[in-house]
Amino acid sequence: MRRNLRCTPSLFLALRDKIHGVDHNIPQYIQHPLRYLSRHLSATTNLSFSKPAIDNPIAGPAIHASFSSSADGQEEESHSDAEHEFDSGGDEATTGDENADDQCCSRDLEAIADILRTPGVQEKSRKLEQCGVNASPGLVANVLSGTRNDWEAAFTFFLWAGKQPGYTHSLREYHSMIAILGKFRKFDTAWALIDEMRALSLVTTHTLLIMIRRYAAVHDVGKAIGAFYALRRFKFDIGLEEFQRMLAALCRYKNVKDAEHMLFCNKDVFPLNTKSFNIILNGWCNVIGSLREGQRIWNEMETRGVKPDVYSYSSIMSCYSKANHLNKVVRFYEKMKSLGVKPDKKVYNAVIHALAKGKLLKEAHNVMKTMEDEGFKPDAITYNSLIMPLCKSRLLDEAQHAFDEMTERGLQPSIRTYHGFFRALRTGEQVFELLRKMSTSGCNPSHETYIMLIRKFCRWRQLDDVYKVWGEMSKNGLDPDRSSYIVLIHGLFLNGRLDEAHKYYLEMKEKQFLPEPKIDEVLRAWVAGKGDGDLNVVVSKENQTVCSEVGERVRGKSGKSGKSQRENDFLRQPESRSVTRERGFSFWD
């Protein structure tokens, strides 16, 4: 466990020093890590609380629904790493908390927020213990959602809630906490939670799928494969469905080349089929957006005799539609109909998008009518396929007409609908007016909305509006995440506001967000040239942490050999199987 604590800065580095003073012959913190940490947390943690978000933005690159019938079944996403697990974790929960939201009183939620905003660690801990708030599934879910960009705050509350009488963490809360830890690369701590779940018989295949996704999000494919192999250690069967879920997780975060390599290297164990090819095809076509690679996979399917289905066609047609190859889209559309493959809504949306991009509005409306005749009612995604290319072509009157037709049908515009109009606007007044209408309509802006507007105002050199948008984000309950900070810092830097960029850079580091390497290097060079001593202090502290961790590694080598240590302690190295791309990512060799 000490190794686990070593890998998590601030909170757990402080706890590690306390551990050195105890009797190591009594491995209490290994047997019950949560119980041990909770007793020491109040004296070692300086936390900040983030207000719960109004909505639940789902992170990660956009995944087209062409493999929604496959094991992963992902919905389309709009932003950075994913807080997808906050919702999906509850699907497998068996605690009967369907009405948890009704049980969560807003008064209790605000009381917790006020307590965690109190300055002073001791005072904060004392108030939390004496607050008299009863922990409930709804309260815990809301607080974890609101602190998903502050892992220390989330974990502090998680531990406190776990000690409250009459409350026990369900699968949903464990999954939410593991997703937060994985987002901040606190993987060893996440595995510690999983080990605690194993003692409670709560671990499911979805638990390990969250870890696979988190490793894939940071492009650590080897660890993702290792987490997949850990299914066997938890006595789960590894079948084609689990394999396809892992492929989908890799493709979701742009590890498509590795997923493809893995698919073919294990074709003897997991036979190639249409669904597996659809995952890779969708990855190239709609995640990476490579038409050439998408066509190559399509040709590979034909060569190997794998018959494309409607999801295959929707992926390749969507890619050609985005690339403005209208003739190809129509050709695939006619081909699938001639082969008896009935188009679905996604196929019709791709054709409508291609026609709108080619400014063939009459033909697009004809396809929409055909779509209705076939029993597919147009939805918000269908109208987005029409509105977004019109906005991009600056045909705002036509886009507004489609928007009005959409609302007349009783369809609620989505965030992507408004994003199309935002990209076409040219003045700050228009932007803030549309932002107001968006909120009034009940469609709350997401992180992606504010990031897009910050970029736009930075390009226009309207920095007052940049700060206004930044403030609006916090007022609407969205705590700035890593992508928000990176875009803001980059925009300020390009506008010559280095002092402000450095201020937000330090704020980002304090929240333990990983900085963008190029901006990090430039700002460090600027501070060094300026002779600023503040950053030197920060760098010095980081160096102390690194030295401390290196020393810990050296001390660890003096004991048992690395191999025997991994075999005897699953918690320390859950992904002990060495898996590399050069070896084909195969677990069966």
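The legends below describe close-up views of one predicted model.

Residues are numbered from 1 along each chain as its sequence is written, and side-chain values use heavy atoms, with hydrogens and water left out. Because the model is predicted, local features need pLDDT of at least 70 and side-chain atom pairs count only at pLDDT 80 or more, whereas totals for chains, interfaces and linings use all residues.

**View 1. The largest cavity and its lining.**
Four cavities of 30 Å³ or more are found when the whole structure is searched. A cavity is a set of points, on a 1 Å grid over the protein atoms alone, where a 1.4 Å probe fits but cannot get out. The volume of the largest cavity is about 60 Å³; a volume is the space filled by probe spheres set on the points, which are joined across faces, edges and corners. Its lining residues (those with an atom within 4 Å of a point) are Thr205, Leu208, Leu209, Ile212, Phe228, Leu231, Glu242 and Arg245. At least two lining residues come from each of α13 (205–217), α14 (221–233) and α15 (240–252), and α13 gives the largest share, with four residues. Helices here are DSSP runs (H or I, at least four residues), numbered from the N terminus. By class, five residues of the lining are nonpolar, one is polar and two are charged. In this scheme Ala, Val, Leu, Ile, Met, Phe, Trp, Tyr, Cys and Pro are nonpolar, Asp, Glu, Lys and Arg are charged, and the others, Gly among them, are polar.

**View 2. Helix α11 with helix α12, and Ser176.**
Two packed helices are described by the angle between their axes and the distance between the axes. Axes are lines fitted to C-alpha atoms, for helices over the stretch in contact, and angles run from 0 to 180 degrees between N-to-C directions. The axes of α11 and helix α12 (residues 187–199) cross at roughly 165° and come within 8 Å. The two helices α11 and α12 are therefore roughly antiparallel; angles over 145 degrees count as roughly antiparallel and those under 35 as roughly parallel. The crossing of α11 and α12 is left-handed, a term for a near helix turned anticlockwise from the far one by less than a right angle. Ser176 belongs to helix α11 (residues 171–183). Ser176 counts as buried because its relative accessibility is 4%; buried means under 20% relative accessible area, exposed over 50%, and partly exposed in between, with a 1.4 Å probe and protein chains only. The C-alpha atom of Ser176 lies 10.0 Å from that of Thr207, 31 residues apart along the chain.

**View 3. Helix α19 with helices α20 and α21.**
Helix α19 (residues 310–322) packs with helix α20 (residues 326–338) at an angle of about 165°, their axes being 9 Å apart. Helices α19 and α20 are therefore roughly antiparallel to each other, and their crossing is left-handed. With helix α21 (residues 345–357), α19 packs at an angle of about 15°, the axes being 8 Å apart. Helices α19 and α21 are therefore roughly parallel to each other. The crossing of α19 and α21 is left-handed.

**View 4. Lys235 in the loop between α14 and α15.**
Lys235 has a phi near 65°, a positive value in a residue other than glycine. With 74% relative accessibility, Lys235 counts as exposed.

**View 5. Arg394 and Leu395 in the loop between α23 and α24.**
Arg394 is found between α23 (380–392) and α24 (396–408). Although Arg394 is not a glycine, its phi is positive, at about 65°. Arg394 counts as partly exposed, at 40% relative accessibility. Leu395, in the loop between α23 and α24, is partly exposed with a relative accessible area of 22%. The C-alpha atoms of Leu395 and Lys359 are separated by 9.0 Å, the two residues being 36 residues apart along the chain.

**View 6. Glu300 in helix α18.**
Helix α18 covers residues 291–303 and holds Glu300. Glu300 is partly exposed, its relative accessible area being 25%. A separation of 9.2 Å is found between the C-alpha atoms of Glu300 and Phe277, 23 residues apart along the chain.

Key. 1 Å grid on protein atoms, 1.4 Å probe; cavity = no way out; pocket = protein on both sides within 12 Å on 5 of 7 lines; lining within 4 Å. Parallel < 35°, antiparallel > 145°, perpendicular 65-115°, else oblique.
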